[in-house]
Amino acid sequence: MAKNRIILKLTTIIFLFISLALCSSQFVSSTDSDNDMNEDEEEDYVLDNPLTHLGTRSRFLASVIIKKGARCDLNTKNICNGVPAKKGTQLLFCCKNHCRNVLSDKNNCMTCGKKCKEGERCCNGVCTNVSSNVHHCGKCNKKCSHGVLCENRICGYA
């Protein structure tokens with residue numbers, strides 16, 4: 001009788017540990033997919049060409065790296081006025097005095113101030129519903145295999 005209680009307690013404890021491990025792994029994977037939704041999380045923009053048009057008075061302005069959200073001013077020669085970065089996958093503009101990548105910023109999608117709707121992401125400058133788009137499933141540029149549908153931000157959701 002005592003052995004049965006011990007076995008029952010051990011079985012219950014093992015079951016709880018397994019359940020906890022499964023739940024925490026699902027939480028981690030859903031958190032990772034949420035992080036994937038933030039396309040423009042990089043700290044720096046690496047420019048395709050140095051900013052030679054601004055002169056060489058400042059080493060910062062002549063460099064090929066601009067910090068994300070760097071201050072800019074449209075009234076003077078600014079550091080992000082239609083500047084391509086990351087091999088053409090980013091396009092920087094001065095929006096509300098800060099450098100923004102208008103190809104992936106959901107608050108400045110292709111144009112400063114153009115906000116994407118709830119559930120949409122700015123993919124290559126176009127507000128896109130990523131919950132059902134087979135070319136942008138869950139995040140920008142995540143394509144589903146040929147013939148596989150995108151549902152609830154997952155390719156082949158069953």
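Is Cys95 buried or exposed? I found Cys95 buried, because its relative accessible area is 3%. Buried means under 20% relative accessible area, exposed over 50%, and partly exposed in between (1.4 Å probe, protein chains only).

On provenance: this is a predicted model, where local features need pLDDT of at least 70, side-chain atom pairs count only at pLDDT 80 or more, and totals for chains, interfaces and linings use all residues. Residues are numbered from 1 along each chain as its sequence is written, and side-chain values use heavy atoms, with hydrogens and water left out.

I looked up the disulfide total next: eight. A disulfide here is a pair of cysteine sulfur atoms within 2.5 Å.

**Cys95 and Cys112.** Their sulfur atoms sit 2.0 Å apart. The S-S torsion is about -75°, so I logged a left-handed link. Cys95 is in strand S4 (residues 90–95), and Cys112 is in the loop between S5 and strand S6 (120–123). Strands (E, at least two residues) are DSSP runs, numbered from the N terminus. Cys112 is partly exposed, at 36% relative accessible area.

**Cys80 and Cys99.** I read 2.2 Å between the sulfur atoms. This link is left-handed too, with -95° about the S-S bond. Cys80 is in the loop between strands S2 (65–67) and S3 (83–85), Cys99 in strand S5 (residues 98–101), 19 residues apart. Cys80 is buried at 0% relative accessibility.

**Cys109 and Cys122.** S to S is 2.3 Å. The torsion is about 85°, so I logged this disulfide as right-handed. Both cysteines are buried.

Methods
Helices (H or I, at least four residues) and strands (E, at least two) are DSSP runs, numbered from the N terminus.
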